[in-house]
Every structure is written in C-alpha cells, then in structure tokens.
Amino acid sequence: MCLGIPGRITAILDEAGMTAEVDISGVRRVVDVVCVAHADEPLSDLVGRWVLVHVGFAMSRIDEAEAHETLRLLGQIGELDGELAAMRGIEAA
Amino acid sequence: MRFVDEFRDPELARSLFEAIDHAAARIARTRATPVTVMEVCGGHTHTIFRYALETRMPDNIEFAHGPGCPVCVLPMGRIDDAISIARQPGVIFTTFGDAMRVPGAQGTLIQARAAGADVRMVYSPLDALALARANPQRQVVFFALGFETTAPSTALTVLRAAAEGISNFSMLCQHITIVPTLRALLSQPGFNVDGFIGPGHVSMVIGTHPYDFIAETFHRPVVVAGFEPLDILQSLHMVLRQIEAGEARVENQYGRVVPPDGNAAAMAAMDRVYETRPECEWRGLGAIAGSGLQLRAQWRDFDAERRFGLVPRHVADPAASRCGDVLTGRIRPRDCAAFGTTCTPDQPLGALMVSSEGACAACYEYEGVGRAA
Ligand code: SF4
C-alpha cells in the first residue's frame, strides 16, 4: 500500500469527477487523477502519460524510463504480483 | 569481491560501494564510534534486506530501521477497535490486505472474519466506497491507514462520498504523520542516529521542507531517497559526505518524483478533511503528540468512531516484544528473544513481523532465523 505502482493513462472517463482509466501492467483500473491534474491544462492532455498510482489514486507524474525501472524493481522485490492481484480484487491467500 | 550482478547497473553499484567505503574510512580517522543511518521508510527497509546492503557495508556504517511502515506501528488496541466495529451487525469492514494479519489483543481481522464478521480486503478506498454504493442497506467501514502517501486518497474518498450523498460509508481513521514522530525520537536521550535516509513517497506529497528542522535544530543530515538499491546507496553516500564535512542539510536524491514543495492538491484535500489528533499511539513507541489525523467535525458523518460510538481501547504491547527498540535502532531484529521463536511471519507477535516492509519480517525472509556468520 505504500509503494506506488506505475501505470499509463489510457482514457479520461469522467471530466467532472476527474477519473481516468489507467493501464497498470496490463490491468485496467479506474483511477482518481485529482492530484496529477494541472488547472491550466485540459484533462485530456493526461492521456498517454505515466503516473505513479497509490491505492487507486494517481499521485505523481513520472517519465517512462522511471516507470519501467520502478516496475522492474517491484517485480524483483516480489511486490508486483500482490499489488496487481489486489487491484483486480483477488484476495491473496 | 562484492556480488553486484543483480543491480540494474553493476558498474554504478560497484563505484557507489567504493565511494561509501572511502567516505567511511575517512570518517573513521576522526571518529571512533560507528555511524548509524536510519532509513525512515519501510519500503527502504525491504530493499536494504532484499539486496543485503547491510552485509556489504564497511564496519563503521550501520543502518537503523525506522518507524516508517504504518502497518508495523498499528497498536493492539486499534486492531481491537477495528474488530469491534467489524463485528457489529450489518457492517462490511474493509481494509488494505496488510492490516489483516496484525494481531490485537482479540486476535486479527482474519480471525474475526473466520468467526463470522464480514471483513473484506480492498485495494483502494474507492473500492470501499463502491461497496457502499452497491449495498445501501449495509454500513461500509474503511480502515484508513497510512502516512501522507495514502491520507490524500482517503480524504478525497470522503469528499466523493459527501458529494454523492452516500450515507452508509464511514472510515476508521488511523492515519499517522512521520514528522512529529521523528521530532519525538530526536528529542529522546540515547537516540543514536547520525543521519536519515528520508521517505520517498511521503515526501512526494509533503515535499522536503518539513524535514528542515532535523538539519537546523538537530544537526543531522537528511537525504530523501528513491526505492531502488542504487538510490539507497547513493543517498547513503550523500549522508556520509555531509557527516564527513560536518554539515547538516536536507537533500533530495529522488527529485524525479519528489517536488520540493510536495503536491498541492493532495495537501489541500488532507487539510480540508483532517485535523491533527492531540495524540496518537504507535506500537512500540507509545503515544506521540500530534502524530495522528482525525476527521474534522464537519465530516463527522463519515467518522466511524462517532457513528459506532467507539471508545478507543489501549492495550499494552506484549511484554516479550521489543518492537520499540528495533524501531528506534537500539537493537537489531535478531536481538529480540521472540525473533523466530514466539514471533514468526506465520505467528507474529509484533507487527514488524507482519508486513514485508517491517524490519523483522524482512530480516526473517532474507537472512533466516540463524545468525549470519
Ligand atoms: S521479533 Fe517480533 S516481537 Fe520482536 S521486535 Fe520483531 S516484531 Fe517485535
């Protein structure tokens, strides 16, 4: 829950509600984008961007290289599968 | 020769190890005692054990594994509070998975579930809110845990629930903040930490300025760090360089994610929804003034403590546990008599044995029960 997981914003789902669909290692998930939106920029500009997602909220914009590095690290320390399972709503045993 | 093949950039790893060795050797010329550097965040603790960084350190450099893992500092009484709400008829109690195995005096949330309580693991507070939407006849409670990394998320969830007029959703708020606790630790006599590797994702929200007092008042260096082993080595080297030069500043090694001023939207959401609790209990550390958050009176409808008339329980830590001494760097996990005997990942006595970010669980997983040669 503390380590963020990188994902790429694929679509804005609700402009007013500020939610987007994010692809996180192949898992699609609705994510709140309030914390990465900029007032002077249309929300649609977020599409295609990489963000760090914490418990369903995009908390920081990151670049693609950082995203891949972080995914590699999460895989190596064994945190990736659990996060993805939790995200899909599957309980780990 | 050190084994560095598993690092992303073995050459860089090798040169960082060398730079650390050299800095440590220079420090040793003028200082007889070892240098202790505390990594505040549990994510860093996990990386340090996973890559055996401790065992690759020069003799006069030691890590202290700090209190920055919210699951690891969940007090027994708070777990009992959670269980007492989960047992109420009609309640769906939701929590991050990590908290389900933390023992309270009345057992764990998993045991409460086995005994019939409707306890469900969720990935996000938004999933808990969706459950409330889908089950209007039930009371859905979310166990809101974590530092400033997750506190904005739960604040924004409360704001969503209020905007939608969802009346069967509430939170048991156990959000905590690291800065008052660092201040309390630094003020304790015998707190032997010479510098800090600062938390990355908390700082992504609050920025780096909240740590200024550590440098200014307590004259210890702080380097906010990323989670890669190379980030940690580089940050440690930056801390050692400051110590060697007799300096104390806040530096940011994780600038690619951490803006110096933090995230304004996240802080605004926290400020709207939360206020500081007069004091908050930490497992192993006791009550620390100003270290917890609670919902402002304006959001009382979403406060599970008010909704269920909760009288918070206080339960002393088990006598055999030495979690507090581990959390403050006074002993290493293996120095606790319970380690690997009455406290194991399957049967944890302390919460540091539960989460993979806890020093005891990480030590058990990567170093085993036996003492390293
Ligand atoms: S071994 Fe168990 S009881 Fe001892 S300090 Fe670690 S978590 Fe606490």
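This is a predicted model: local features need pLDDT of at least 70, side-chain atom pairs count only at pLDDT 80 or more; totals for chains, interfaces and linings use all residues.
The contact between the two domains draws 15 residues from domain 1 of chain B and 17 residues from domain 2 of chain B.

The extent of this interdomain contact can be expressed as an area. About 1,100 Å² is buried between domain 1 of chain B and domain 2 of chain B, with carbon and sulfur atoms giving 69% of that area. On the side of domain 1 of chain B, Pro180(B), Thr181(B) and Val205(B) supply 42% of the area buried against domain 2 of chain B, more than any other three residues. Across this interface the rule finds zero salt bridges, while three residue pairs are in polar contact, both residues of each pair being at pLDDT 80 or more. Strand E2 (61–68), helix H7 (178–187) and helix H8 (200–206) of chain B are the elements that give two or more residues to the side of domain 1 that touches domain 2. Of these, H8(B) provides the largest share, six residues. By class, this side of domain 1 of chain B has nine nonpolar, six polar and no charged residues.

Attention now turns to the interface between the chains. Here 35 residues of chain A are in contact with 42 residues of chain B. Chain A and chain B bury about 3,200 Å² between them, and 59% of this area lies on carbon and sulfur atoms. Five salt bridges are found by the rule across the interface of chain A and chain B, together with 12 residue pairs in polar contact (both at pLDDT 80 or more). The side of chain A that touches chain B receives two or more residues from each of strand E3 (27–32), strand E4 (50–54), strand E5 (57–62), helix H1 (64–76) and helix H2 (80–88) of chain A. By class, that side of chain A has 19 nonpolar, seven polar and nine charged residues.

Over all chains, the structure holds 29 salt bridges. One of them links Arg29(A) to Asp127(B), with the closest N and O atoms 2.8 Å apart. Arg29(A) lies in strand E3 of chain A and Asp127(B) in helix H5 (residues 125–134) of chain B, so this pair joins two chains. A salt bridge is also formed by the side chains of Glu69(A) and Arg8(B), at an N to O distance of 3.1 Å.

Within chain B, helix H4 (residues 109–114) contains Gln111(B). A polar atom of the Gln111(B) side chain lies 2.9 Å from the backbone nitrogen of Thr108(B). The C-alpha atoms of Gln111(B) and Asp212(B) are 43 Å apart, the two residues being separated by 101 residues along the chain.

Definitions and conventions
Residues are numbered from 1 along each chain as its sequence is written. Chains are lettered from A and ligands numbered from 1 in the order in which they are written. Side-chain values use heavy atoms; hydrogens and water are left out. Contact means heavy atoms within 4.5 Å. Buried area is the accessible area (1.4 Å probe) that two parts lose on being put together, summed over both. A salt bridge is a side-chain nitrogen of Lys or Arg within 4 Å of a carboxyl oxygen of Asp or Glu. A polar contact is a pair of N or O atoms within 3.5 Å; within protein, one must be able to donate a hydrogen and the other to accept it, and residues adjacent in sequence count only if both atoms are side-chain atoms. Helices (H or I, at least four residues) and strands (E, at least two) are DSSP runs, numbered from the N terminus. Ala, Val, Leu, Ile, Met, Phe, Trp, Tyr, Cys and Pro count as nonpolar, Asp, Glu, Lys and Arg as charged, and the others, Gly among them, as polar.
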